[in-house]
Amino acid sequence: MSFLGLSVAEQTQEYRLNEVNERYRFLAKLGSGGMADVFLGIQHGAADFKRMVVIKSIHTTKLNDQDCMRMLIDEARLVAALNHPHIVKIYDLCRMGEDICIAMEYVDGESLAYIQRVMSQRKQHIPLPITCKFILEAAEALHYVHSVKT
């Protein structure tokens with residue numbers, strides 16, 4: 001049995017799915033990069049407060065790499081200072097066991113890669129007005145980031 005293409009062993013061991021600490025529970029691995037893994041999770045709070053979040057967790061192989069740790073912490077601090085509709089919000093920078101994690105806004109919907117793959121399978125292209133909208137929103141976010149005074 002697999003979930004998101006992961007075997008049961010991968011889900012429970014390598015990716016720490018369903019690991020619970022005081023505030024966060026990992027649900028599913030969304031992706032991986034050179035420095036960190038990204039998970040779908042749930043943030044828990046007082047009075048049965050819950051919300052979906054994305055948790056970026058530094059690779060366990062990088063936990064002793066001070067440069068990677070500093071980059072993750074800097075990323076959290078920099079992005080947390082931003083406020084733009086096309087940039088996800090950072091909710092928390094925390095430790096979970098030995099991991100350092102960033103908890104951030106979960107944006108519901110399909111990824112652009114998924115949409116492109118489906119359109120390609122149908123031998124179609126993403127309509128030009130939608131493509132232009134994506135590009136415009138990304139450009140607006142980049143302009144905002146580059147104009148913020150640090």
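These legends describe close-up views of one predicted model. Local features need pLDDT of at least 70, side-chain atom pairs count only at pLDDT 80 or more, and totals for chains, interfaces and linings use all residues. Residues are numbered from 1 along each chain as its sequence is written, and side-chain values use heavy atoms, leaving out hydrogens and water.

**View A. Lys 56 is a buried residue in strand β5.** The strand covers residues 50-58; strands (E, at least two residues) and helices (H or I, at least four) are DSSP runs numbered from the N terminus. Lys 56 has 18% relative accessibility, so it counts as buried (under 20% relative accessible area, with a 1.4 Å probe and protein chains only). Its side chain makes a polar contact of 2.9 Å with the side chain of Glu 75 (N or O atoms within 3.5 Å, one able to donate a hydrogen and the other to accept it; residues adjacent in sequence count only if both atoms are side-chain atoms).

**View B. The largest nonpolar core has 11 residues.** Such a core is a set of buried Ala, Val, Leu, Ile, Met, Phe, Trp, Tyr and Cys residues joined through side-chain atoms within 4.5 Å. Its members include Met 35, Leu 72 and Ile 90. β5, α2 (66-80) and β7 (99-105) each give two or more residues. α2 gives the most, with four.

**View C. Phe 26 and Phe 39 form an aromatic pair.** The structure holds one such pair (ring centres of Phe, Tyr or the six-membered ring of Trp within 6.5 Å; planes under 30 degrees apart are stacked, over 60 edge-to-face, the rest tilted). This one is edge-to-face, with 4.7 Å centre to centre and 80° between the planes. Phe 26 lies in β3 and Phe 39 in β4, so the pair ties together parts 13 residues apart in sequence.

Conventions
Buried < 20%, exposed > 50% of the residue type's maximum accessible area, 1.4 Å probe, protein only.
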